Amino acid sequence: MMCIRAFCLLSVFLYCIQVQASPGFRQITLSDPKSETLNLTVWYPVSSEGRTVNIGSNPAFVGVTVNPDAPPLPGVHPLLVISHGYNGNWRNLSWIAAAMAAEGYIVAAPDHPGTTTFDQNPLDAKKLWRRPHDISRVIDFVIDSPALFGATDKGRIAALGHSLGGWTVMSLAGARFKPSLFIHDCQNHPKRGDCRLTERLGINETLSLEKISANNRDARIRAVVSLDLGLAPGFTPKSLNTINIPVLILAAQADRLAELPAEQESGYLAAEMNPNRRQYETVEGATHFSFMQLCKPGAENILNEESPGDDVVCQDSLHAKRSNIHQNLVRKISAFLNSTLDYAASSVGTR
């Protein structure tokens, strides 16, 4: 019996070493004659530590350590898809991507055409409905690519998004967007950050009405995490109330920097959703940009010189430390996803 127990403990120990190795990392361009080109970044669990590099680092921002193109860890793994904010990119949420991959998740993050740092084409930006389609397309690709990332546990798929990415993942959860509802709300809050994007995102164009109001629910997604989302007041109360998967809604306590007050955005979701389906919290010390990657010393000056006003990206609430905020968020998000996805998988008999 002692030998068996010792063997079990050793197995657990070795598994922890495997899971905590720097995650694998691949970047792939998805091409389809019927769809736009989509650049995709994927982190995934590996069986052993290999050649490691730091990715996503630049003079302003801290990166993460990964194993490029390493063989994936055998077995099936939960999948987390990530949607970045307006004019953001995969680097912005690399801190949570690497952390969840180290826990055994495959994590996939596309750069949304038209609203990414690398592609700000105004015509593509107005095709807002493409964002949830991008995420569904990524899920298809990862499921069909076990040799690259490991096998996907189809019963444990979740989506996480920040800012406009939060809007994206809520759409995938079943929230329905009604442009007239959003525009009417903005008449009372014209200076709010997301209201100033109405024209840029094509929300006020009648040609976009049918597509932007469509049902983008992806039933494969079993849990959603929304990080300080925008455009929330455009979601219909009925659609929010009928969402039937667990949703973790996290709002920045100090959203004044981005002019996205929690009570009008994340608070709106919480008020209209079934309380049994959502968890809602404000993140102490966090601004809207605290959910982005860590800034290096001197980053504010670098960003402000390049584009005056962009130093706000590195500003957290007074006395708050972004690294501590991230550590708390990793614990909170990990606990939510692990518990809800395990329950979702067992309830449908996929494990």
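Modeller: The largest cavity holds about 60 Å³ of space, where a cavity is a set of points on a 1 Å grid over the protein atoms alone at which a 1.4 Å probe fits but cannot get out. A volume here is the space filled by probe spheres set on the points, which are joined across faces, edges and corners. The count comes to one cavity of 30 Å³ or more. This is a predicted model, in which local features need pLDDT of at least 70 and side-chain atom pairs count only at pLDDT 80 or more, while totals for chains, interfaces and linings use all residues. Residues are numbered from 1 along each chain as its sequence is written, and side-chain values use heavy atoms, with hydrogens and water left out.

The cavity is lined by Glu36, His112, Pro113, Thr115, Asp124, Ala125, Lys127, Leu128, Arg130, Arg131 and Asp134, lining residues being those with an atom within 4 Å of a point. Two or more of these residues come from each of α3 (122-125) and α4 (130-143), and α4 gives the largest share, three residues. Helices (H or I, at least four residues) and strands (E, at least two) are DSSP runs, numbered from the N terminus. By class the lining has six charged, three nonpolar and two polar residues; Asp, Glu, Lys and Arg count as charged, Ala, Val, Leu, Ile, Met, Phe, Trp, Tyr, Cys and Pro as nonpolar, and the others, Gly among them, as polar.

The largest pocket has a volume of about 1200 Å³, a pocket being an open set of grid points with protein on both sides within 12 Å along at least five of seven lines. Among the 42 residues of its lining, Tyr86, Asn87, Phe289, Asp310 and Val313 are the closest to its centre. Helix α11 (residues 299-306) supplies the largest share of this lining, three residues, and the lining as a whole divides into 19 nonpolar, 17 polar and six charged residues.

Turning to the packed parts, the largest nonpolar core has 51 residues, of which Met170, Val224, Leu231, Phe235, Leu240 and Ile243 touch the most other members. A nonpolar core is a set of buried Ala, Val, Leu, Ile, Met, Phe, Trp, Tyr and Cys residues joined through side-chain atoms within 4.5 Å, and buried means under 20% relative accessible area, with exposed over 50% and partly exposed in between (1.4 Å probe, protein chains only). Helix α6 (residues 164-173) contributes the largest share of this core, six residues. A second, separate core of 37 residues has Leu80, Met100, Leu250 and Ile333 among its members. In soluble globular proteins, nonpolar side chains tend to be buried together.

Helix α6 is mostly covered, with ten of its ten residues buried, and just after α6 comes Gly174, with a positive phi of about 120 degrees. Ala173, which belongs to α6, counts as buried because its relative accessible area is 2%. Neighbours within four places in sequence aside, Ala173 is in contact with Arg217, Val224, Ile243 and Ile245, contact meaning heavy atoms within 4.5 Å. Ile243 in turn touches Met170, Ala173, Gly174, Ala175, Met273 and Arg277, again not counting residues up to four places away in sequence. Helix α2 (residues 94-102) is also mostly covered, with nine of its nine residues buried, one of them being Met100. After α2 comes Gly104, whose phi is positive, near 110 degrees.

The loop between β8 (223-227) and α9 (237-241) holds Asp228, and Leu231 lies in the loop between β8 and α9 as well. Asp228 has a positive phi of about 50 degrees although it is not a glycine, and Leu231, also not a glycine, has a positive phi of about 65 degrees. Most residues other than glycine have a negative phi. Asp228 is buried because its relative accessible area is 1%, and Leu231 counts as buried at 1% relative accessibility. The side chain of Asp228 makes a polar contact with the side chain of His288 (2.6 Å); such a contact is a pair of N or O atoms within 3.5 Å, and within protein one must be able to donate a hydrogen and the other to accept it, with residues adjacent in sequence counted only if both atoms are side-chain atoms. His288 sits in the loop between β10 (278-283) and α11, and His288 too is buried, with a relative accessible area of 4%.
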